[in-house]
Number of protein chains: 2
Amino acid sequence: MDAALPDGAAHVGPRVRALRSAQGMSLSELARRAGLGKATLSGLEAGTRNPTLDTLHSVAAALGVALTALVSESTRIQGAAVAMDLLRVFDDGPATYELYRMRIPAGAAQTSPPHHAGVTEHATVFAGELRAGALDAPGTAGPGGYLEWTADTPHGYAAIGGQDVHASLLIRYPR
Amino acid sequence: MDAALPDGAAHVGPRVRALRSAQGMSLSELARRAGLGKATLSGLEAGTRNPTLDTLHSVAAALGVALTALVSESTRIQGAAVAMDLLRVFDDGPATYELYRMRIPAGAAQTSPPHHAGVTEHATVFAGELRAGALDAPGTAGPGGYLEWTADTPHGYAAIGGQDVHASLLIRYPR
DNA sequence: CGCGGGTGTTCCGTTTACGGAACGATGGCA
DNA sequence: TGCCATCGTTCCGTAAACGGAACACCCGCG
(Lines give C-alpha, C1' and ligand atoms only; values in the text may rest on other atoms or scores of the structure.)
Protein backbone atom coordinates (compact mmCIF):
# COMPACT_ATOMS: atom_id res chain seq x y z
CA MET A 1 0.00 0.00 0.00
CA ASP A 2 2.78 2.35 0.80
CA ALA A 3 3.49 2.68 -2.87
CA ALA A 4 6.32 4.99 -3.83
CA LEU A 5 4.91 8.08 -2.23
CA PRO A 6 7.77 10.52 -2.20
CA ASP A 7 7.99 12.00 1.24
CA GLY A 8 5.34 14.67 1.18
CA ALA A 9 7.19 16.98 3.50
CA ALA A 10 10.09 17.23 1.10
CA HIS A 11 7.96 18.99 -1.48
CA VAL A 12 6.56 21.63 0.80
CA GLY A 13 9.82 23.49 1.31
CA PRO A 14 10.61 24.17 -2.34
CA ARG A 15 7.00 25.08 -2.97
CA VAL A 16 7.02 27.71 -0.25
CA ARG A 17 10.26 29.10 -1.59
CA ALA A 18 8.84 29.20 -5.11
CA LEU A 19 5.65 30.94 -4.03
CA ARG A 20 7.56 33.40 -1.94
CA SER A 21 10.09 34.40 -4.57
CA ALA A 22 7.33 34.52 -7.16
CA GLN A 23 5.88 37.38 -5.14
CA GLY A 24 9.26 39.00 -4.74
CA MET A 25 9.05 38.53 -1.01
CA SER A 26 12.12 38.00 1.13
CA LEU A 27 12.38 35.28 3.71
CA SER A 28 12.67 37.87 6.44
CA GLU A 29 9.54 39.65 5.31
CA LEU A 30 7.54 36.45 5.07
CA ALA A 31 8.68 35.53 8.56
CA ARG A 32 7.53 38.92 9.79
CA ARG A 33 4.13 38.70 8.12
CA ALA A 34 3.56 35.15 9.24
CA GLY A 35 4.67 35.88 12.77
CA LEU A 36 7.31 33.16 12.60
CA GLY A 37 10.98 33.04 13.38
CA LYS A 38 13.36 33.25 10.48
CA ALA A 39 14.96 30.04 11.67
CA THR A 40 11.64 28.29 11.29
CA LEU A 41 11.18 29.45 7.73
CA SER A 42 14.75 28.83 6.74
CA GLY A 43 14.56 25.26 7.96
CA LEU A 44 11.16 24.74 6.42
CA GLU A 45 12.27 25.86 2.98
CA ALA A 46 15.45 23.84 3.22
CA GLY A 47 13.47 20.76 4.16
CA THR A 48 15.45 20.22 7.36
CA ARG A 49 12.42 20.71 9.58
CA ASN A 50 9.11 18.99 9.96
CA PRO A 51 6.72 21.91 10.22
CA THR A 52 3.70 22.08 12.44
CA LEU A 53 0.19 22.53 11.13
CA ASP A 54 0.11 25.92 12.79
CA THR A 55 3.30 26.91 11.06
CA LEU A 56 2.00 25.79 7.67
CA HIS A 57 -1.21 27.65 8.24
CA SER A 58 0.60 30.87 9.12
CA VAL A 59 2.83 30.58 6.07
CA ALA A 60 -0.09 29.94 3.74
CA ALA A 61 -1.99 32.91 5.12
CA ALA A 62 1.02 35.20 4.78
CA LEU A 63 1.52 34.04 1.21
CA GLY A 64 -2.12 34.60 0.45
CA VAL A 65 -2.67 31.06 -0.72
CA ALA A 66 -4.76 28.20 0.58
CA LEU A 67 -3.06 25.71 2.81
CA THR A 68 -3.94 23.15 0.18
CA ALA A 69 -1.62 24.89 -2.24
CA LEU A 70 1.33 24.12 0.01
CA VAL A 71 0.68 20.48 0.73
CA SER A 72 -1.20 19.37 -2.35
CA GLU A 73 0.38 16.28 -3.69
CA SER A 74 -1.59 14.98 -6.58
CA THR A 75 -2.42 11.47 -5.49
CA ARG A 76 -2.69 10.33 -9.02
CA ILE A 77 -4.33 7.10 -9.96
CA GLN A 78 -2.75 6.21 -13.24
CA GLY A 79 -4.53 3.61 -15.29
CA ALA A 80 -3.83 2.29 -18.75
CA ALA A 81 -5.28 5.44 -20.30
CA VAL A 82 -7.04 7.34 -17.54
CA ALA A 83 -5.25 9.54 -15.03
CA MET A 84 -7.29 10.64 -12.03
CA ASP A 85 -6.44 13.10 -9.27
CA LEU A 86 -8.43 12.85 -6.09
CA LEU A 87 -9.71 16.31 -5.26
CA ARG A 88 -11.94 15.76 -2.33
CA VAL A 89 -13.76 13.22 -0.22
CA PHE A 90 -17.25 13.99 1.03
CA ASP A 91 -18.92 12.12 3.81
CA ASP A 92 -22.57 13.02 3.61
CA GLY A 93 -24.91 10.91 5.65
CA PRO A 94 -26.11 8.02 3.53
CA ALA A 95 -23.24 8.02 1.08
CA THR A 96 -19.58 8.78 0.61
CA TYR A 97 -18.46 10.75 -2.44
CA GLU A 98 -15.08 10.95 -4.05
CA LEU A 99 -14.47 13.77 -6.45
CA TYR A 100 -11.78 13.25 -9.08
CA ARG A 101 -10.36 15.17 -11.93
CA MET A 102 -9.97 12.87 -14.92
CA ARG A 103 -7.72 13.12 -17.96
CA ILE A 104 -7.70 10.81 -20.96
CA PRO A 105 -5.27 11.25 -23.86
CA ALA A 106 -6.89 11.64 -27.28
CA GLY A 107 -7.91 8.30 -28.74
CA ALA A 108 -7.15 6.33 -25.59
CA ALA A 109 -9.59 4.00 -23.86
CA GLN A 110 -9.73 1.97 -20.70
CA THR A 111 -12.14 -0.41 -18.99
CA SER A 112 -12.73 -0.73 -15.29
CA PRO A 113 -13.92 -3.73 -13.28
CA PRO A 114 -17.23 -3.46 -11.38
CA HIS A 115 -17.37 -1.78 -8.00
CA HIS A 116 -19.73 -2.68 -5.19
CA ALA A 117 -23.45 -2.70 -5.80
CA GLY A 118 -25.11 0.69 -5.84
CA VAL A 119 -22.00 2.64 -6.76
CA THR A 120 -22.66 5.29 -9.41
CA GLU A 121 -20.30 7.51 -11.34
CA HIS A 122 -21.02 11.01 -12.59
CA ALA A 123 -18.84 12.82 -15.10
CA THR A 124 -18.93 16.43 -16.24
CA VAL A 125 -16.78 17.06 -19.30
CA PHE A 126 -14.51 20.10 -19.48
CA ALA A 127 -12.83 19.47 -22.79
CA GLY A 128 -12.75 16.81 -25.49
CA GLU A 129 -15.32 14.17 -26.28
CA LEU A 130 -15.89 11.52 -23.62
CA ARG A 131 -17.47 8.16 -24.19
CA ALA A 132 -18.12 6.40 -20.92
CA GLY A 133 -20.52 4.11 -19.11
CA ALA A 134 -21.53 0.48 -19.21
CA LEU A 135 -19.58 -1.39 -21.87
CA ASP A 136 -22.71 -2.37 -23.77
CA ALA A 137 -24.41 1.02 -23.50
CA PRO A 138 -21.95 3.88 -23.21
CA GLY A 139 -22.93 7.51 -23.58
CA THR A 140 -21.02 10.40 -25.07
CA ALA A 141 -20.60 13.99 -23.95
CA GLY A 142 -18.68 17.04 -25.13
CA PRO A 143 -17.55 20.17 -23.26
CA GLY A 144 -20.13 21.08 -20.64
CA GLY A 145 -21.88 17.76 -21.09
CA TYR A 146 -22.73 15.27 -18.41
CA LEU A 147 -22.81 11.49 -18.15
CA GLU A 148 -23.77 9.10 -15.39
CA TRP A 149 -23.78 5.35 -15.10
CA THR A 150 -23.85 2.57 -12.55
CA ALA A 151 -20.41 1.24 -11.71
CA ASP A 152 -21.45 -2.15 -10.43
CA THR A 153 -21.05 -3.56 -13.91
CA PRO A 154 -17.95 -3.46 -16.11
CA HIS A 155 -17.60 0.04 -17.50
CA GLY A 156 -15.18 2.02 -19.56
CA TYR A 157 -13.85 5.44 -20.49
CA ALA A 158 -12.61 6.67 -23.86
CA ALA A 159 -11.54 9.92 -25.47
CA ILE A 160 -13.17 9.58 -28.85
CA GLY A 161 -12.53 13.04 -30.26
CA GLY A 162 -9.28 14.30 -31.65
CA GLN A 163 -8.27 15.90 -28.39
CA ASP A 164 -7.64 14.97 -24.77
CA VAL A 165 -10.59 14.63 -22.48
CA HIS A 166 -10.67 16.64 -19.26
CA ALA A 167 -13.54 15.96 -16.92
CA SER A 168 -14.59 15.83 -13.32
CA LEU A 169 -15.68 12.44 -12.05
CA LEU A 170 -17.82 11.98 -9.00
CA ILE A 171 -18.05 8.48 -7.56
CA ARG A 172 -20.87 7.82 -5.12
CA TYR A 173 -20.58 4.97 -2.61
CA PRO A 174 -23.85 4.33 -0.78
CA ARG A 175 -23.70 2.86 2.74
CA MET B 1 -5.11 24.27 28.90
CA ASP B 2 -6.53 27.08 26.89
CA ALA B 3 -4.75 25.52 23.95
CA ALA B 4 -6.57 27.84 21.53
CA LEU B 5 -5.14 26.35 18.41
CA PRO B 6 -5.65 28.82 15.58
CA ASP B 7 -8.20 28.07 12.92
CA GLY B 8 -6.98 25.33 10.72
CA ALA B 9 -5.85 22.92 13.38
CA ALA B 10 -9.25 22.92 15.03
CA HIS B 11 -10.94 21.42 11.98
CA VAL B 12 -8.44 18.69 11.28
CA GLY B 13 -9.16 16.69 14.41
CA PRO B 14 -12.88 16.18 13.87
CA ARG B 15 -12.27 15.44 10.22
CA VAL B 16 -9.81 12.69 11.01
CA ARG B 17 -12.19 11.24 13.53
CA ALA B 18 -15.04 11.34 11.02
CA LEU B 19 -13.01 9.67 8.28
CA ARG B 20 -11.72 7.06 10.68
CA SER B 21 -15.09 6.09 12.11
CA ALA B 22 -16.60 6.15 8.64
CA GLN B 23 -14.29 3.26 7.84
CA GLY B 24 -15.14 1.52 11.08
CA MET B 25 -11.52 1.81 12.16
CA SER B 26 -10.54 2.13 15.79
CA LEU B 27 -8.12 4.73 17.05
CA SER B 28 -5.72 2.00 18.09
CA GLU B 29 -5.81 0.40 14.68
CA LEU B 30 -5.27 3.68 12.88
CA ALA B 31 -2.33 4.38 15.16
CA ARG B 32 -0.89 0.99 14.33
CA ARG B 33 -1.33 1.39 10.58
CA ALA B 34 0.02 4.91 10.58
CA GLY B 35 2.96 3.99 12.78
CA LEU B 36 2.01 6.61 15.34
CA GLY B 37 1.48 6.55 19.06
CA LYS B 38 -2.05 6.40 20.33
CA ALA B 39 -1.38 9.49 22.39
CA THR B 40 -0.55 11.38 19.23
CA LEU B 41 -3.78 10.41 17.53
CA SER B 42 -5.90 10.96 20.60
CA GLY B 43 -4.55 14.48 21.01
CA LEU B 44 -4.82 15.18 17.32
CA GLU B 45 -8.48 14.19 17.13
CA ALA B 46 -9.27 16.09 20.30
CA GLY B 47 -7.59 19.18 18.91
CA THR B 48 -5.23 19.52 21.85
CA ARG B 49 -2.15 19.01 19.73
CA ASN B 50 -0.61 20.81 16.85
CA PRO B 51 0.36 17.97 14.55
CA THR B 52 3.46 17.78 12.44
CA LEU B 53 3.39 17.53 8.67
CA ASP B 54 4.86 14.06 8.96
CA THR B 55 2.12 13.06 11.35
CA LEU B 56 -0.58 14.38 9.05
CA HIS B 57 0.98 12.62 6.13
CA SER B 58 1.07 9.31 7.96
CA VAL B 59 -2.54 9.68 9.05
CA ALA B 60 -3.74 10.54 5.56
CA ALA B 61 -1.91 7.58 4.08
CA ALA B 62 -3.30 5.18 6.68
CA LEU B 63 -6.80 6.52 6.02
CA GLY B 64 -6.32 6.13 2.31
CA VAL B 65 -7.13 9.75 1.58
CA ALA B 66 -5.15 12.65 0.23
CA LEU B 67 -3.48 14.94 2.70
CA THR B 68 -5.57 17.68 1.14
CA ALA B 69 -8.72 15.98 2.39
CA LEU B 70 -7.53 16.51 5.97
CA VAL B 71 -6.44 20.12 5.85
CA SER B 72 -8.63 21.60 3.16
CA GLU B 73 -10.32 24.74 4.32
CA SER B 74 -12.97 26.41 2.34
CA THR B 75 -13.40 29.85 0.91
CA ARG B 76 -17.09 30.14 1.51
CA ILE B 77 -19.49 32.27 -0.48
CA GLN B 78 -22.53 32.81 1.66
CA GLY B 79 -25.73 33.94 -0.04
CA ALA B 80 -29.23 34.48 1.24
CA ALA B 81 -29.87 30.76 1.35
CA VAL B 82 -27.03 29.10 -0.54
CA ALA B 83 -23.58 28.49 0.93
CA MET B 84 -20.90 27.57 -1.58
CA ASP B 85 -17.36 26.41 -0.95
CA LEU B 86 -14.95 26.86 -3.81
CA LEU B 87 -13.14 23.58 -4.22
CA ARG B 88 -11.08 24.12 -7.30
CA VAL B 89 -10.58 26.28 -10.36
CA PHE B 90 -9.71 24.67 -13.67
CA ASP B 91 -8.31 26.54 -16.60
CA ASP B 92 -8.74 24.18 -19.48
CA GLY B 93 -8.31 25.55 -22.95
CA PRO B 94 -11.47 27.21 -24.19
CA ALA B 95 -13.17 27.56 -20.84
CA THR B 96 -12.62 28.17 -17.17
CA TYR B 97 -14.38 25.97 -14.62
CA GLU B 98 -15.12 26.64 -11.00
CA LEU B 99 -16.07 23.68 -8.90
CA TYR B 100 -18.14 24.39 -5.79
CA ARG B 101 -19.75 22.44 -3.08
CA MET B 102 -23.23 23.81 -2.42
CA ARG B 103 -25.46 23.60 0.63
CA ILE B 104 -29.02 24.84 0.93
CA PRO B 105 -31.03 24.60 4.16
CA ALA B 106 -34.30 22.71 3.90
CA GLY B 107 -37.06 24.88 2.47
CA ALA B 108 -34.75 27.77 1.58
CA ALA B 109 -34.52 29.37 -1.85
CA GLN B 110 -32.41 31.98 -3.59
CA THR B 111 -32.23 33.61 -6.99
CA SER B 112 -29.12 34.70 -8.80
CA PRO B 113 -28.68 37.45 -11.39
CA PRO B 114 -27.54 36.45 -14.90
CA HIS B 115 -23.88 35.83 -15.61
CA HIS B 116 -22.13 36.49 -18.89
CA ALA B 117 -23.42 34.89 -22.05
CA GLY B 118 -22.53 31.26 -22.52
CA VAL B 119 -22.05 30.49 -18.85
CA THR B 120 -23.56 27.17 -17.82
CA GLU B 121 -24.02 25.60 -14.42
CA HIS B 122 -23.98 21.90 -13.65
CA ALA B 123 -25.15 20.42 -10.36
CA THR B 124 -24.84 16.90 -9.00
CA VAL B 125 -26.96 16.31 -5.94
CA PHE B 126 -25.58 14.43 -2.93
CA ALA B 127 -28.50 14.70 -0.56
CA GLY B 128 -31.92 16.36 -0.44
CA GLU B 129 -34.12 17.50 -3.28
CA LEU B 130 -32.79 20.35 -5.40
CA ARG B 131 -34.86 22.57 -7.64
CA ALA B 132 -32.66 24.77 -9.77
CA GLY B 133 -32.34 26.36 -13.18
CA ALA B 134 -33.97 29.17 -15.13
CA LEU B 135 -36.71 30.82 -13.10
CA ASP B 136 -39.40 29.94 -15.64
CA ALA B 137 -38.21 26.38 -16.25
CA PRO B 138 -36.43 24.87 -13.29
CA GLY B 139 -35.63 21.20 -12.97
CA THR B 140 -35.51 18.97 -9.92
CA ALA B 141 -33.08 16.29 -8.86
CA GLY B 142 -32.63 14.02 -5.83
CA PRO B 143 -29.57 12.20 -4.49
CA GLY B 144 -27.34 11.09 -7.34
CA GLY B 145 -29.33 13.25 -9.77
CA TYR B 146 -28.00 15.86 -12.13
CA LEU B 147 -29.19 19.23 -13.39
CA GLU B 148 -27.76 21.72 -15.82
CA TRP B 149 -28.91 25.12 -17.03
CA THR B 150 -27.66 28.24 -18.71
CA ALA B 151 -26.72 30.96 -16.27
CA ASP B 152 -27.01 33.91 -18.64
CA THR B 153 -30.62 34.35 -17.59
CA PRO B 154 -31.94 34.84 -14.06
CA HIS B 155 -31.83 31.54 -12.26
CA GLY B 156 -32.46 30.15 -8.81
CA TYR B 157 -31.79 27.39 -6.34
CA ALA B 158 -34.16 25.85 -3.80
CA ALA B 159 -34.21 22.94 -1.36
CA ILE B 160 -37.73 21.70 -1.90
CA GLY B 161 -37.61 18.49 0.14
CA GLY B 162 -37.80 18.28 3.88
CA GLN B 163 -34.03 18.11 4.24
CA ASP B 164 -30.96 20.15 3.41
CA VAL B 165 -29.56 19.95 -0.08
CA HIS B 166 -25.93 19.02 -0.58
CA ALA B 167 -24.61 19.19 -4.10
CA SER B 168 -21.57 19.89 -6.22
CA LEU B 169 -21.90 22.81 -8.59
CA LEU B 170 -19.71 23.27 -11.61
CA ILE B 171 -19.79 26.67 -13.30
CA ARG B 172 -18.39 26.88 -16.80
CA TYR B 173 -17.16 30.19 -18.17
CA PRO B 174 -16.36 30.03 -21.90
CA ARG B 175 -13.71 32.40 -23.26
C1' DC C 1 36.31 53.69 2.93
C1' DG C 2 32.71 53.36 7.11
C1' DC C 3 27.88 52.91 7.98
C1' DG C 4 23.04 51.49 8.26
C1' DG C 5 19.60 48.42 6.53
C1' DG C 6 18.74 44.52 4.18
C1' DT C 7 19.53 39.53 3.09
C1' DG C 8 19.61 34.20 4.66
C1' DT C 9 21.91 30.92 7.89
C1' DT C 10 23.40 29.06 12.39
C1' DC C 11 23.43 28.67 17.41
C1' DC C 12 20.89 28.04 21.64
C1' DG C 13 17.38 27.86 25.47
C1' DT C 14 12.46 27.06 25.89
C1' DT C 15 8.44 24.87 24.57
C1' DT C 16 5.99 21.01 23.02
C1' DA C 17 4.90 17.05 19.88
C1' DC C 18 6.35 12.58 19.94
C1' DG C 19 6.11 7.25 21.28
C1' DG C 20 5.80 3.88 25.10
C1' DA C 21 3.59 2.45 29.02
C1' DA C 22 0.07 2.45 32.43
C1' DC C 23 -4.65 3.44 33.22
C1' DG C 24 -9.85 2.69 33.79
C1' DA C 25 -13.79 1.40 30.91
C1' DT C 26 -16.13 -1.61 27.87
C1' DG C 27 -17.41 -5.96 25.56
C1' DG C 28 -17.61 -10.67 24.45
C1' DC C 29 -17.17 -15.50 26.01
C1' DA C 30 -16.82 -19.61 28.96
C1' DT D 1 -19.23 -14.65 37.53
C1' DG D 2 -14.30 -14.01 36.32
C1' DC D 3 -11.10 -13.58 32.46
C1' DC D 4 -8.97 -11.35 28.72
C1' DA D 5 -8.78 -8.45 24.72
C1' DT D 6 -9.45 -4.05 23.05
C1' DC D 7 -11.13 0.39 23.45
C1' DG D 8 -9.59 5.64 24.13
C1' DT D 9 -7.28 8.62 27.57
C1' DT D 10 -3.51 10.18 30.52
C1' DC D 11 1.20 10.33 32.30
C1' DC D 12 6.03 10.98 31.36
C1' DG D 13 10.88 11.11 29.40
C1' DT D 14 12.94 12.22 25.08
C1' DA D 15 13.50 14.29 20.69
C1' DA D 16 12.81 18.19 18.03
C1' DA D 17 10.24 22.44 16.34
C1' DC D 18 9.91 26.84 17.92
C1' DG D 19 11.42 32.11 18.51
C1' DG D 20 15.21 35.26 19.53
C1' DA D 21 19.76 36.64 18.91
C1' DA D 22 24.14 36.54 16.85
C1' DC D 23 26.30 35.77 12.65
C1' DA D 24 28.48 36.62 7.89
C1' DC D 25 27.30 38.65 3.81
C1' DC D 26 25.71 42.02 0.33
C1' DC D 27 24.22 46.49 -1.20
C1' DG D 28 23.27 51.75 -1.76
C1' DC D 29 24.83 55.98 0.03
C1' DG D 30 27.42 59.81 2.17
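**Figure 1. Buried Glu45(A) in the predicted model.** Glu45(A) is buried, with a relative accessible area of 5%. The structure shown is a predicted model. The side chain of Glu45(A) meets that of Arg20(A) in a salt bridge, with an N to O distance of 2.7 Å. Glu45(A) belongs to helix H3 (residues 38-46) of chain A and Arg20(A) to helix H1 (residues 8-22) of chain A, so the contact ties together parts that are 25 residues apart in sequence. Arg20(A) is likewise buried, its relative accessible area being 10%.

**Figure 2. Salt-bridge network that includes Arg17(A).** A network of salt bridges links Arg17(A), Arg20(A) and Glu45(A). Over all chains, a search of the whole structure finds six salt bridges.

**Figure 3. Salt bridge between Glu29(A) and Arg33(A).** The closest N and O atoms of Glu29(A) and Arg33(A) are 2.5 Å apart. Both residues lie in helix H2 (residues 27-34) of chain A; because Glu29(A) and Arg33(A) are four residues apart there, about one helical turn separates them. Glu29(A) is partly exposed, at 24% relative accessibility, whereas Arg33(A) is exposed, with a relative accessible area of 53%.

**Figure 4. Salt bridge between Glu29(B) and Arg33(B).** In chain B, the side chains of Glu29(B) and Arg33(B) meet at 2.5 Å, N to O. Helix H2 (residues 27-34) of chain B holds both residues, and their spacing of four residues places Glu29(B) and Arg33(B) about one helical turn apart. Arg33(B) has a relative accessible area of 53% and is therefore exposed, while Glu29(B), at 24% relative accessibility, counts as partly exposed.

Methods: Residues numbered from 1 in each chain as written. Chains lettered and ligands numbered in written order. Predicted model: local features only at pLDDT ≥ 70, side-chain atom pairs only at ≥ 80, totals over all residues. Heavy atoms only, no water. Salt bridge = Lys/Arg side-chain N within 4 Å of Asp/Glu carboxyl O. Helix = DSSP H or I, 4+ residues; strand = E, 2+ residues; numbered from the N terminus. Buried < 20%, exposed > 50% of the residue type's maximum accessible area, 1.4 Å probe, protein only.
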